Amino acid sequence: MGRFRIAGVVAALVGVAGASATLSGCAAGGGKHATQAGQAGHQRNKVANEAALRKSEMAAAAQVKANELGQIPVIMYHRIVQNPPPGDDRSPKDFRDELERLAAEDYVPITAAEYVTGKIDIPAGKHPVVLTFDDSSPAQLTLDGMGNPAPDCAIGILMDVAKKHPGFRPVATMYVIKDLFGKARPEEQIQVLQWLKDHNFDIGNHTRDHLNLLGKPKDEVEKQIVAGQTLITSLIKTPPVTLALPYGNQPHEKKWALQGASGGVRYDYKGVFLAGYTPAPSPFTKDFDPLSIPRIRSKENKVGDCKKFCSMAWLDWLKANPTDRYTSDGNAKTVAFPKFKAAFVAPAFKTSVLPY
């Protein structure tokens, strides 16, 4: 009887186990299907959310009339001095007035490095402007014993205007040569370049000796550019991203200014700037040419070439033609524009476009 009872118990246990296995199998199968259904639902929600987000972004871009394929003024300055002689220098008053105008007309300064790399992160409805200073003059930046800019130097004026207009970023690109803001000692040169770097200014190469590169052989062009780059990197260890050509003159082969080497030192810039005469194209367009980026001379009076080609004339033109001006959508990850302009987008940015 004991054996029969044990056998019966075993049989019962086997039956329970079999039933459990069957139920377990059903549960597993159901769980698998439920998981697949959940994943599909999650994917549908994700697609719907992305579509809703894109629609919202397009509506926001349309509301501010974003046009990130529009033109950008890159303004060229030299010395800021009282009673400037004829040429490219400006008085402190004229320089301040121009900055005040830019702030009033919703421009936000960006650096040349940010421009050429497409890192234009400014609020929606605003317009980028690139402020560039050639020749590293003390009139552009003089620091006192506490590291504060003199109030009447260019950077001192820029910082003051930015305080009055909080959205107006106090940044610019300083194209330096061997006359480093009038400083001869390496320690003083480090001080001034480090101050610029610490305050988010961009330091670009203008060659060491400001030699006209027009007609010069390749080795001499590369030697001058490398000498300027080495001057910078020996002091702050940060290689420049862009080059401004002395006198705006290009070498025999334009590409020599963008890439080259001398004495075992290489340079590979993202942009080369000229000295005139028009606003620059958006870096997101097919028209952007890193070998030949135009700048605008800063001038108030409309005489001679300045009737059409200096800063007052071009700022007037951009104001009168707002659909041709770069206007941000406020999202640095997208390139927003009216959809009929789509043909002008550079292929490298096709995945970032936001036509509306």
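The axes of α2 and helix α4 (residues 154–164) come within 10 Å and cross at roughly 35°. Axes here are lines fitted to C-alpha atoms, for helices over the stretch in contact, with angles running from 0 to 180 degrees between N-to-C directions. The crossing of α2 and α4 is right-handed; the term applies if the near helix is turned clockwise from the far one by less than a right angle. From α2, the contact (heavy atoms within 4.5 Å) involves P92, F95, R96, L99 and E100. From α4, A154, I157, L158, D160, V161 and K164 take part. These contact residues divide into seven nonpolar, no polar and four charged. Ala, Val, Leu, Ile, Met, Phe, Trp, Tyr, Cys and Pro count as nonpolar, Asp, Glu, Lys and Arg as charged, and the others, Gly among them, as polar.

The model is predicted: local features need pLDDT of at least 70 and side-chain atom pairs pLDDT 80 or more, while totals for chains, interfaces and linings use all residues. Residues are numbered from 1 along each chain as its sequence is written, and side-chain values use heavy atoms, without hydrogens and water. Helices (H or I, at least four residues) and strands (E, at least two) are DSSP runs, numbered from the N terminus.

The buried residues of α4 are A154, I155, G156, I157, L158, V161 and A162. Buried means under 20% relative accessible area, with a 1.4 Å probe and protein chains only. These α4 residues pack against α2, β3 (127–134), β4 (173–176) and α5 (186–198).

V176 is found in strand β4. V176 counts as buried because its relative accessibility is 2%. Leaving out residues up to four places away in sequence, V176 touches S136, F181, I203, G204, N205, H206, T207 and I232. V176 and S298 are 122 residues apart in sequence and 18 Å apart in space, C-alpha to C-alpha.

S91 sits in the loop between β1 (74–77) and α2 (92–104). S91 has 12% relative accessibility and so counts as buried. Beyond its neighbours within four places in sequence, S91 contacts I80, V81 and P84.

The structure holds one cavity of 30 Å³ or more. A cavity is a set of points on a 1 Å grid over the protein atoms alone where a 1.4 Å probe fits but cannot get out. The largest cavity has a volume of about 30 Å³, volume being the space filled by probe spheres set on the points. Its lining (residues with an atom within 4 Å of a point) comprises E68, G118, I120, F284, Y326, N331, A332 and T334. By class, four are nonpolar, three polar and one charged.

Notes:
On a 1 Å grid over the protein atoms alone, a cavity is a set of points where a 1.4 Å probe fits but cannot get out, and a pocket is an open set with protein on both sides within 12 Å along at least five of seven lines; lining residues have an atom within 4 Å of a point. Buried means under 20% relative accessible area, exposed over 50%, partly exposed in between (1.4 Å probe, protein chains only).
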